[in-house]
Amino acid sequence: MKFFVDTADTADIADLAATGLLDGVTTNPSLIAKAGKNFLEVVAEICKLTAGPVSAEVVALDHPTMMKEAEILRKIADNVCVKVPLTIDGLKTCKALTSEGTMVNVTLCFAATQALLAAKAGATFISPFVGRLDDNGYDGMQLIDDIRLIYDNYDYTTEILVASIRNGMHVLEAAKIGADVITAPPAVIKGLFKHVLTDKGIEGFLADWAKTGQSIG
Ligand code: G3P
């Protein structure tokens, strides 16, 4: 399973990239606003921190303007993945861009039938939002299960990118279902490293090591 980080914070991205686990980055207009930097500049900066896909989202709602925005975004770097909303105009844009070899991430997916449409439009990634479904009383992970089944039924190559992840259980369930990618906030990814028994183990080893009076090197 690939790990993307869902942030526009370049310090966090660099930190995670150094662990070797980072396969890509996703951003959205809210994350760009939170970073407080120029959109095009920060996307260029992020593209240098990872060789993997960097999702940058269009903000237009109509297909012709989405194409104009996508043209600007894809010129930033070869690893830019244009993010479009799951609308008719978004999928027209998806079809046009992927036909030209540009990666596209179709976002704001809340139904398996929407994911089916995105696959038919040639999407590189589909982003179902599990956390927002859970927040609204639906079962987010059931959606991932359904999309996996449908894509496997027809051998669609669109990658399931589980988004709106809130916790480690979402990551675990995504991996068990066989999702292709997860994107999670830096804090959730960093939380995956932690285990109380790991901390306790380190503490015990260091206490015993101190008793030896030795040092390495
Ligand atoms: O970037 C898309 C998605 O991951 C957003 O998550 O936490 O705003 O629901 P969230």
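## Legends for close-up views

**D155 is exposed, with a relative accessible area of 64%.** Exposed means over 50% relative accessible area, buried under 20%, and partly exposed in between, with a 1.4 Å probe and protein chains only. The model is predicted, so local features need pLDDT of at least 70 and side-chain atom pairs count only at pLDDT 80 or more, whereas totals for chains, interfaces and linings use all residues. Residues are numbered from 1 along each chain as its sequence is written, and side-chain values use heavy atoms, with hydrogens and water left out. D155 sits in the loop between α8 (140-154) and β7 (159-162); helices (H or I, at least four residues) and strands (E, at least two) are DSSP runs numbered from the N terminus. The phi angle of D155 is near 55 degrees, a positive value in a residue other than glycine. Most residues other than glycine have a negative phi.

**S164 has a positive phi and a side chain that approaches the ligand.** The phi of S164 is near 60 degrees, and S164 occupies the loop between β7 and α9 (168-177). With 8% relative accessibility, S164 counts as buried. An N or O atom in the side chain of S164 is 2.7 Å from an oxygen atom of the ligand.

**The ligand is surrounded by D6, N28, K83, F129, R132, A163, S164 and R166.** An N or O atom in the side chain of D6 is 2.6 Å from an oxygen atom of the ligand. For K83, a polar side-chain atom lies 3.4 Å from a ligand oxygen atom. A polar contact is a pair of N or O atoms within 3.5 Å; within protein, one must be able to donate a hydrogen and the other to accept it, and residues adjacent in sequence count only if both atoms are side-chain atoms.

**The largest pocket holds about 370 Å³ of space.** On a 1 Å grid over the protein atoms alone, a pocket is an open set of points where a 1.4 Å probe fits, with protein on both sides within 12 Å along at least five of seven lines; lining residues have an atom within 4 Å of a point. The volume is the space filled by probe spheres set on the points, which are joined across faces, edges and corners. The lining comprises 22 residues, of which D6, T7, N28, L31 and P185 lie nearest the centre of the pocket. Helix α2 (residues 29-35) gives the largest share of this lining, 4 residues. By residue class, the lining divides into 8 nonpolar (Ala, Val, Leu, Ile, Met, Phe, Trp, Tyr, Cys and Pro), 7 charged (Asp, Glu, Lys and Arg) and 7 polar (the others, Gly among them).

Not counting residues up to four places away in sequence, E159 touches K2, T124, F125, I126, D180 and V181; contact means heavy atoms within 4.5 Å.

**D12 lies in helix α1 (residues 10-17).** D12 counts as partly exposed, at 21% relative accessibility. Apart from its neighbours within four places in sequence, D12 is in contact with P186 and K190. D12 and K190 are 178 residues apart in sequence, with their C-alpha atoms 10.0 Å apart in space.

Conventions. Near = heavy atom within 4 Å.
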